[in-house]
Amino acid sequence: MTHTLRQPGRRALLGLAGAALLSRPGLAQGAWPERGLTLIVPFAPGGATDMIGRLVADRLSPRLGRPVVVENRPGGAANIGVAALARSAPDGYTIGIVSLTTFGLNPWLYRDRLPFDPVGDFAFISNGATTPNVLVVNPRKVPAGTLQELVAWLRDHPGQANYGSSGAGTAIHVAMEMFLAAAGVKATHVPYRGSGPMMTDLVGGQIDLAIDAASVAWPHVQSGALRAVATTGAERASFSPDLPTLAETWPQVVIDPWHGFAAPAGTPRPVVERLSREIQAVLREPQTEEKMRQQVMVPRPMDPAAFTAFVAAERARYGAVIERANIRVD
């Protein structure tokens, strides 16, 4: 399978020029940041990506000595917000969250319709965290207590169930389609503009089931509003080791969402490295680690080189997954 990407152009040249300027004594290296930063979150408030963005922004601000303001730009399977990041000035004052959805899945799901170049339009800063997913049902709508019972119920009610996602082509949409295809059952997809509104409707009974980040779904499981039947990682999740993984029944159904940080291509290298150091330090703070643990997240700090390589590997891996599962977005 081939996928043509645009070659880095003007922004790559800007990055070289900016790095050269900042490397000269007495210039802008010591001045940045002179004002506050904007962190673009390409999903609606209330989801896992938003939680990570706000947690890091809150702890990053005192380290930089400037405010870091979260700006939610949901829609288009997160493509709208990520495209806005790509178009931002490469000056270090606008950064954004990139994820498995936007860089592992969307390059293959949207192909020539993708409104940004996943290789040439960004400077990757650091990974942020992974967020284990959980398959949940509304117990008032779906009388299934186990994964096997859910599959049996879906087979007995072909096409009658509906499931939600945070948007067409998002990681949790793809995860559900992989599960349905592997199990040989069907359900109708209902896309939302983020996990927050989707979870509200799932708890309220407007939809029947969903896969979502445990950080979002688990409080509702604990309250009894939802019932968990499986997780989507390669191994059982530490927050609930009794729950089976989908991969225990269907080895090909594995999806581990991640959420990291990037800047527009051309952002001066010293600025990218400073942001990476500070974000990695935030992720290693005991306070951050504890908050993420409470929200069922796992910190994953990386330097720019490691994160760039990781994103490229994820894009290649999920391209093969999407082709194998024949997943498409209209």
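R111 lies in the loop between α4 and β4. Its backbone carries a positive phi of about 50° although R111 is not a glycine. With a relative accessible area of 24%, R111 is partly exposed; here buried means under 20% relative accessible area, exposed over 50%, and partly exposed in between, using a 1.4 Å probe and protein chains only. Helices (H or I, at least four residues) and strands (E, at least two) are DSSP runs, numbered from the N terminus.

This is a predicted model, in which local features need pLDDT of at least 70, side-chain atom pairs count only at pLDDT 80 or more, and totals for chains, interfaces and linings use all residues. Residues are numbered from 1 along each chain as its sequence is written, and side-chain values use heavy atoms, with hydrogens and water left out.

**Other backbone features**

- V296 also has a positive phi, near 60°, and is a residue other than glycine.
- You can find V296 in the loop between α10 (286-294) and β11, and at 14% relative accessibility V296 counts as buried.
- The peptide bond from W32 to P33 is cis, with omega near 0°.
- P33 sits in the loop between α1 (10-22) and β1.

**The six-stranded sheet**

- Six strands line up as an open sheet in the order β2-β1-β3-β10-β4-β11, with mixed pairing; two strands pair if DSSP finds at least two bridges between them.
- At the edges stand β2 (68-72) and β11 (298-299), each with a single partner strand, so one side of each has no neighbour in the sheet.
- Strands β1 and β2 pair in the parallel sense over five bridges, and L39 stands opposite V70 in β2.
- Four of the five residues of β1 are buried, so β1 is largely enclosed by the rest of the structure.
- Two bridges join β4 (residues 122-130) to β11, and these strands run antiparallel.
- T130 stands opposite V298 in β11.
- Helix α2 lies across β1 (37-41), β2, β3 (94-99), β4 and β10, running at about 160° to β2. For such angles, axes are lines fitted to C-alpha atoms, for helices over the stretch in contact, and angles run from 0 to 180 degrees between N-to-C directions.

**The five-stranded sheet**

- Five strands form another open sheet, in the order β7-β6-β8-β5-β9, and again the pairing is mixed.
- Its edge strands are β7 (188-191) and β9 (227-231), each pairing on one side only.
- Neighbouring strands of this sheet are turned by 30° against each other on average, direction ignored.
- Strand β5 (residues 133-137) runs antiparallel to β8, joined by five bridges, and V134 stands opposite D212 in β8.
- Helix α7 (residues 195-204) packs on the sheet, touching β5, β6 (162-165) and β8, and its direction makes about 140° with that of β8. A contact means heavy atoms within 4.5 Å.
- V137 lies in strand β5 and counts as buried at 0% relative accessibility.
- Not counting residues up to four places away in sequence, V137 touches V142, A144, L150, D208, L209, L226 and R227.

- Helix α3 (residues 79-87) is mostly covered, with seven of its nine residues buried. Among the buried ones are N79, V82 and L85.
- E278 lies in helix α9 (residues 269-284), and at 13% relative accessibility E278 counts as buried.
- Leaving out residues up to four places away in sequence, E278 touches L60, R63 and L64.
- The C-alpha atoms of E278 and S61 are separated by 9.7 Å, although the two residues are 217 residues apart along the chain.

**The cavity**

- A search of the whole structure finds one cavity of 30 Å³ or more. On a 1 Å grid over the protein atoms alone, a cavity is a set of points where a 1.4 Å probe fits but cannot get out, and lining residues have an atom within 4 Å of a point.
- The largest cavity has a volume of about 200 Å³, where a volume is the space filled by probe spheres set on the points, and grid points are joined across faces, edges and corners.
- Of the 21 residues that line the largest cavity, F43, T49, S166, S195 and H259 are the closest to its centre.
- Two or more lining residues come from each of α2 (48-64), α4 (100-109), α6 (171-183), β8 (209-213) and β10 (258-264).
- By class, the lining has nine nonpolar, eleven polar and one charged residues. Ala, Val, Leu, Ile, Met, Phe, Trp, Tyr, Cys and Pro count as nonpolar, Asp, Glu, Lys and Arg as charged, and the others, Gly among them, as polar.

Methods. 1 Å grid on protein atoms, 1.4 Å probe; cavity = no way out; pocket = protein on both sides within 12 Å on 5 of 7 lines; lining within 4 Å.
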